[in-house]
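This briefing is intended for a reader meeting the structure for the first time. Please view the sequence and the structure together before reading on.

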Amino acid sequence: MMASILDGFCLFPHALAAGLLIGLVCSVLGVFVILKRVVFIGITLSEVAALGIALSMLLQLPPLLGAAALTLLVVVLLALPIEPARLPRNALMGIVFVAASALAVLVVASSGFGLREVKTLLYGDLILTSSHDLALMAAVLIPVLAAVLLFLRPITYTFLDREAAKVLGIKVMGWELLYFCCLGLAVSAASKAAGALLVFCYLVAPAAAGLLLGRRLAVVMMISASVALLGTITGLGWSLHNDLPANQAVVVALTALFVVAAMIRGLIKMLKHS
Amino acid sequence: MPKEPIIICRGLHVSYGRQQVLRGVNLTIGKGGFLPLVGPNGAGKTTLLRAIIGLVRPSFGTIETHFAKEPPGYVPQQGLIDAMFPVPVSQIVAMGLYPKLGWWRRGGRSGKQVVVDVLERLGLSGHGHKGFAELSGGMRQKALIARALVSSPEVLILDEPTAGLDRESQSEILDHLKQINRRDGRTIIMAHHGEDMLNGVAKVVCQVQHGQVMMRRQGHDG
């Protein structure tokens, strides 16, 4: 079995590299998505990126260009300090989410693409990652991760206690915008290969496991990244061995690892109380 | 002899939309003073503090400050800090060093020592490694005071630092503040929900009501 999985990895090295790269970056960014309680933004941006990719294909533009332009536009709109008096921001995100989901389907339906392209576009497929896709992804995801890690302190302080941070002279709006632009770019770069479902899963499941097990931000991020990498290897290996859809297999592996983390947490709590 | 003024508010008006919260506040706070702002909920105490530290912009009037360039130490209401964050108390306190360090510099050994010293001063030695959620209400408040104190600001501004605490913790916090004011000479302005525990802490209180202020002498002074 191990030999057949390793053969699969050798056959699709770009798929493995793309999964590991997307997993690493999204799992680190996802820690703040959960801490900031904006989980919904993950799936909203993923759907917006899918719409951007669909529009790009229709207009024969590079997919990343459309995805990045649309997600950054949504990020900037959502980051504006305008609090609608009667509506919470989540409601606006919900409207953007449903509109983007429906429009993406309508755009691809009217484009004349085949069913396979449509499915790949909407759900992504790691297996189809080409060396060009991988290079493009790395060119976006590595600087995004570097920026978030470099500015981790002001970003953390901004999210931890916005008001005190402001008094301390931290440019909270700027740091918030930087983080959400990084998130938008990461989601757009990852969406073509990973699709909305897997990108969302990478943002939420590993970070949730990290937060269950870690007590320091750096440790939480390391656990989150490790869960994402392990989930990618096991999920992809499982899909290659059993000829299953890769992205969905990785999602199942990541959620299973989250359940394991929850059980470990429960066990630790039990041992502490006994 | 009157103290040198450190904060002067002239004709201060603050509104949230159509609701006018402060209506022409004139207030002078002397250097090294201890001024509790007292008054009922919704009177405008927090808004006045927020206007002084620049978190809300006055619709009319001016605020003149005469303290050093560094920002004042600020202790927000306890609920504003997210206890779910996986950040130890020592790092929350170290946040107060940000104006001196910026985003690129680490505090180094001296920065760590300053944090340890301020935690010790507030009776939180041995709690620096804990998460904020693991602390009691009184300890959380002391951690926030430690964060405000760590950069040795001239002015300390506190928003209801004893809210939600039992009497013992309230009195402990007020004792710490009294010491910080008398021993270090720091100016303290704080919103406070009642006057019963202020005897011996401050000579005068500022009564805030219907968006206006009135200075009153306290009954006893310790």
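The model is predicted, and the predictor gives the complex an ipTM of 0.85 and a pTM of 0.88. Chain A contains twelve helices and zero strands, while chain B contains six helices and nine strands.

**Confidence in chain B**

- The mean pLDDT of chain B is 85, and 95% of its residues score at least 70.
- Among the elements of chain B, helix α2 (residues 89-94) has the highest mean pLDDT, 93, and helix α3 (residues 98-101) has the lowest, 83.
- Where pLDDT is low, the predicted coordinates should not be read in detail.

**Chain A: overall form**

- Along its sequence, chain A reads α-α-α-α-α-α-α-α-α-α-α-α.
- Chain A has a radius of gyration of 19 Å, close to the 19 Å that the globule rule gives for 274 residues, so chain A is as compact as a globular protein of that length.
- Taken along the principal axes, the box filled by the C-alpha atoms of chain A is roughly 55 × 50 × 30 Å.
- Of the 274 residues in chain A, 49% count as buried.
- When contacts in chain A between residues at least 6 apart in sequence are considered, 74% of them join residues at least 24 apart.

**A residue of chain A: A:Pro143**

- A:Pro143 belongs to helix α7 of chain A, which covers residues 131-150.
- From C-alpha to C-alpha, A:Pro143 and A:Ile264 are 34 Å apart in space, and the two are 121 residues apart in sequence.

**Chain B: overall form**

- A compact globule of 222 residues would have a radius of gyration near 17 Å, and the 17 Å of chain B agrees with this.
- The C-alpha atoms of chain B fill a box of roughly 45 × 40 × 40 Å along the principal axes.
- Of the 222 residues in chain B, 43% are buried.
- In chain B, residues 24 or more positions apart account for 69% of the contacts with a separation of 6 or more.

**Chain B: the sheet of three strands**

- One open sheet of chain B has three strands in the order β2-β1-β4, with antiparallel pairing.
- The edge strands of this sheet are β2 (19-30) and β4 (60-65) of chain B, each of which pairs on one side only.
- From one strand to the next, the twist of this sheet averages 15°.
- Strand β1 (residues 5-16) of chain B runs antiparallel to β2(B), and nine bridges join the two.
- B:Cys9 has B:Leu27 in β2(B) as its bridge partner.
- Helix α1 (residues 45-52) of chain B lies across β1, β2 and β4 of chain B, at about 60° to β2(B).

**Chain B: the sheet of six strands**

- Another open sheet of chain B has six strands in the order β5-β6-β7-β3-β8-β9, with mixed pairing.
- At its edges stand β5 (73-75) and β9 (212-217) of chain B; each has a single partner strand, so one side of each is left without a neighbour in the sheet.
- The twist of this sheet averages 20° from one strand to the next.
- Three bridges link β5(B) to strand β6 (residues 155-159) of chain B, and these two strands run parallel.
- The bridge partner of B:Tyr74 in β6(B) is B:Ile157.
- Helix α1(B) packs on this sheet too, touching β3 (34-38), β6, β7 (187-192) and β8 (204-209) of chain B, and its direction makes about 150° with that of β7(B).
- Helix α5 (residues 137-149) of chain B lies across β5 and β6 of chain B, running at about 165° to β5(B).

**Contact between chains A and B**

- The contact takes 21 residues from chain A and 18 residues from chain B.
- On the side of chain A that touches chain B, the elements giving two or more residues are α8 (152-160), α9 (162-167) and α11 (217-242) of chain A.
- Helix α8(A) provides the largest share of that side, five residues.
- The residues on that side of chain A comprise twelve nonpolar, three polar and six charged.

Key:
Residues are numbered from 1 along each chain as its sequence is written. Chains are lettered from A and ligands numbered from 1 in the order in which they are written. This is a predicted model: local features need pLDDT of at least 70, side-chain atom pairs count only at pLDDT 80 or more; totals for chains, interfaces and linings use all residues. Two strands pair if DSSP finds at least two bridges between them. Helices (H or I, at least four residues) and strands (E, at least two) are DSSP runs, numbered from the N terminus. Axes are lines fitted to C-alpha atoms, for helices over the stretch in contact, and angles run from 0 to 180 degrees between N-to-C directions. Two residues are in contact if their C-beta atoms, placed from the backbone, lie within 7 Å. The radius of gyration is taken over C-alpha atoms; the globule rule is 2.2 Å times the number of residues to the power 0.38. A residue is buried if 20 or more other C-beta atoms lie within 10 Å of its own, exposed if 12 or fewer, and partly exposed in between; C-beta atoms are placed from the backbone. Ala, Val, Leu, Ile, Met, Phe, Trp, Tyr, Cys and Pro count as nonpolar, Asp, Glu, Lys and Arg as charged, and the others, Gly among them, as polar. pLDDT is the predictor's confidence in each residue, from 0 to 100.
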